[in-house]
2 protein chains.
Amino acid sequence: MLTKIAVDAMGGDHAPVAEVEGALMAARELRVGVILVGPEDRIVPELQRHGLTYHPKSRRVYDAQLAKRLSIEIVQASEFITMDEPVAQAVRKKKDASIRVAARLVRDGKAHGLVSAGNTGAVMATSKLVIGTLPAVDRPALSAVFPTLGDHGCVLLDVGANAECKPEQLREFAVMGAIYSRQILGVRNPKVGLMSIGEEEVKGNPLTKEAGKLLREAPINFIGNVEGRDIYTGEVDVIVCDGFTGNVILKTSEGLIAAIMGLLKTELGQTIVTQAGALLSRPAFLSVKKRLDYSEFGGAPLLGTKQIVVICHGSSNGKAIKNAIRVAREFYEAKLNEHIEQNINELGSVAS
Amino acid sequence: MLTKIAVDAMGGDHAPVAEVEGALMAARELRVGVILVGPEDRIVPELQRHGLTYHPKSRRVYDAQLAKRLSIEIVQASEFITMDEPVAQAVRKKKDASIRVAARLVRDGKAHGLVSAGNTGAVMATSKLVIGTLPAVDRPALSAVFPTLGDHGCVLLDVGANAECKPEQLREFAVMGAIYSRQILGVRNPKVGLMSIGEEEVKGNPLTKEAGKLLREAPINFIGNVEGRDIYTGEVDVIVCDGFTGNVILKTSEGLIAAIMGLLKTELGQTIVTQAGALLSRPAFLSVKKRLDYSEFGGAPLLGTKQIVVICHGSSNGKAIKNAIRVAREFYEAKLNEHIEQNINELGSVAS
């Protein structure tokens with residue numbers, strides 16, 4: 001059976017344009033089924049814009065040109081949650097919101113994973129409420145893969161689900177991050193670091209000092225404190241921190257990449273000579289840009305929920321949505337949650 | 001009278017090579033006097049390597065070729081503190097350490113500012129111990145200027161002096177940072193932001209929520225919460241955060257800049273065509289590199305001490321030391337500490 005991913009079609013800043021585009025790319029390029037969740041009257045015109053036909057009775061989407069049915073369905077949801085709505089209230093009141101309906105599909109086994117580019121707080125709250133947290137896990141964490149100079153990315157968590165954390169939570173994050181690195185990125189024995197402000201154990205804040213003690217005892221390949229500059233070298237595979245620190249790191253990195261690319265573009269346009277140089281060096285730039293492009297990385301998986309949830313940037317384009325669908329499918333097929341459940345349980349027996 | 005800056009000649013990773021080189025550049029290029037503090041038998045050979053003559057009796061340095069006396073002196077210090085020494089013990093025991101002797105020169109009015117690329121913890125502890133904190137200031141903060149797409153840099157503090165902070169301290173940092181931005185970077189009415197993980201007041205951790213309340217009442221141009229991606233846009237002039245967060249931001253940025261430059265270099269070397277492109281676009285690259293180069297920014301001034309203290313990266317080269325000397329001189333001549341004292345005092349009367 002085809003793995004099916006439910007996509008909150010009304011999540012992102014430009015919903016449902018990017019969501020429909022991403023669903024289409026995924027259905028065409030990947031072996032995956034996609035359920036677009038949202039108001040039919042907003043989704044169908046988007047599908048038609050792409051030259052597709054929708055049969056309301058069967059809820060199936062056809063590519064008339066190729067005379068082929070696409071692995072896309074629509075599930076109706078009449079409401080949606082906007083970016084600037086108070087999260088708690090919106091999640092409670094809007095029972096027919098697209099994110100909520102999508103989460104129910106996943107809970108009820110009609111979809112195997114959830115992708116949303118919506119209000120991060122609302123997606124997290126809905127996921128916890130409707131899908132639930134794994135029994136062994138205290139708090140789900142939002143993870144992100146950072147590009148590195150090495151062969152694979154560095155998994156950083158938490159990047160925003162929990163602004164404040166307890167040391168025991170950082171230990172859980174470490175185990176979940178190591179499973180992500182091993183099962184999805186293929187790292188055999190992932191090196192796990194603790195984000196701090198100096199390599200020595202005595203450096204840091206009370207959280208890092210306490211978490212360091214727990215991590216040294218945990219059944220992971222813990223390499224000690226790391227610093228901000230270690231994220232990009234490829235020398236460490238997983239880095240744990242509280243969600244405030246991780247979110248600041250994520251957004252600082254996004255901002256700096258944008259600034260450097262902007263600066264380079266401006267400077268390269270300054271003279272005819274540098275313009276010619278830019279033309280010739282274009283393949284090199286595009287390659288670097290692609291390596292740094294967050295939309296290539298497929299969103300931020302929420303680790304520790306009972307089912308797969310991947311949260312995308314509000315500004316996600318179609319490619320980012322497609323990659324998030326790919327990641328959700330990979331997580332499901334790699335049985336990531338079963339691995340997490342099992343390993344966190346072992347952690348419990350080690351700790352107690 | 002020439003402003004004199006005391007340089008801890010034994011601070012950095014490659015001391016005293018970078019320190020002597022930086023002192024020389026400063027003495028030649030800027031209108032400033034430099035006192036190199038450290039073991040004469042380590043400093044003098046370095047001066048000689050640059051073709052200079054040292055007169056031990058007068059403690060003066062001559063450029064024989066130009067038949068000219070340079071505004072450089074040496075003050076003897078027999079010990080020094082290494083990067084990996086336990087700070088508390090080293091600062092207490094090594095009474096003749098170069099940083100300690102240099103700090104005494106500043107305390108006693110024989111120098112107007114202190115520059116060191118040594119162990120940050122040791123420099124801060126020595127500065128607090130020997131030079132002291134301004135009476136109105138609770139805790140000194142380490143500040144750094146980040147490059148931006150705008151006309152001037154963004155002052156971020158604290159970048160590592162205080163891993164944990166109270167909300168009142170962030171308010172003091174805001175006032176000190178605004179004075180830095182106004183007096184040194186020439187920003188008329190600096191916009192001050194609070195580093196958090198969302199623009200809304202409710203987003204953040206307990207520290208940012210409490211600090212936000214105080215900052216809204218403070219006599220500064222407070223623009224509310226900012227995020228990591230706002231550092232580089234030039235839209236905000238001063239950003240305050242605790243020293244853990246600031247240090248992570250600083251090191252993440254350094255690491256990412258190095259990674260991007262490394263990636264670009266590798267990619268540009270891949271084919272003959274991109275190599276040619278790189279050659280033509282070289283001026284553009286160098287311009288971007290210079291704008292992102294931390295050594296151009298002149299180290300991290302410690303704000304809130306009784307005298308001027310500028311701390312440099314351990315890996316500082318001569319140019320970085322020279323720029324730190326320049327910044328120390330500018331701080332002294334702009335009477336930065338008097339402005340801080342006065343403004344923090346006003347803050348007190350507003351708050352009480």
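Predicted model: local features only at pLDDT ≥ 70, side-chain atom pairs only at ≥ 80, totals over all residues.
1. **The α1/α11 pair in chain B.** Helix α11 of chain B covers residues 318–333, and α1(B) packs on this helix at an angle of about 55 degrees, with 7 Å between the axes. In passing α11(B), α1(B) makes a right-handed crossing.

2. In chain A, the bond from A15(A) to P16(A) is cis, with omega near -5 degrees. In chain B, A15(B) and P16(B) are also joined by a cis bond, with omega about -5 degrees. P16(A) sits in the loop between β1 (4–8) and α1 (17–29) of chain A, and P16(B) is in the loop between β1 (4–8) and α1 (17–29) of chain B.

3. Most residues other than glycine have a negative phi. K335(A) has a positive value, near 50 degrees, and belongs to the loop between α11 (318–333) and α12 (336–351) of chain A. With 12 other C-beta atoms within 10 Å, K335(A) is exposed. R59(B) has a positive phi too, near 55 degrees, in the loop between β3 (52–55) and β4 (60–63) of chain B. Is R59(B) buried or partly exposed? R59(B) has 15 other C-beta atoms within 10 Å, and is therefore partly exposed.

4. **Helix α4 of chain B.** This helix, residues 98–107, is mostly covered, since nine of its ten residues are buried. The buried ones are S98(B), I99(B), R100(B), V101(B), A102(B), A103(B), R104(B), L105(B) and V106(B). Charged side chains such as R100(B) and R104(B) are thus on the buried list. The cover over the buried residues of α4(B) includes β1, β2 (33–38), β5 (68–76), β6 (113–116) and α5 (120–131) of chain B. Just after α4(B) comes G109(B), with a positive phi of about 80 degrees.

5. **The contact between the chains.** Chain A and chain B each put 48 residues into the contact. On the side of chain A that touches chain B, the elements giving two or more residues are α8 (243–268), α9 (272–280) and α10 (282–292) of chain A. The largest share, 19 residues, comes from α8(A). By class, that side of chain A has 25 nonpolar, 15 polar and eight charged residues.

6. **Symmetry of the two copies.** What superposes chain A on chain B? A rotation of 180 degrees does, with 0.0 Å of shift along its axis and an RMSD of 0.0 Å. The copies are therefore related as by a two-fold rotation axis. Within chain A, the C-alpha nearest the axis belongs to G277(A), at 1.9 Å. Both copies use the same surface, as 100% of the contact residues of chain A recur in chain B.

Conventions
Residues numbered from 1 in each chain as written. Chains lettered and ligands numbered in written order. Helix = DSSP H or I, 4+ residues; strand = E, 2+ residues; numbered from the N terminus. Buried ≥ 20, exposed ≤ 12 C-beta atoms within 10 Å, placed from the backbone. Contact = placed C-beta atoms within 7 Å. Axes fitted to C-alpha atoms, helices over the stretch in contact; angles between N-to-C directions. Left-handed = near helix turned anticlockwise from the far one by under 90°. Least-squares fit on C-alpha atoms with pLDDT ≥ 70 in both.
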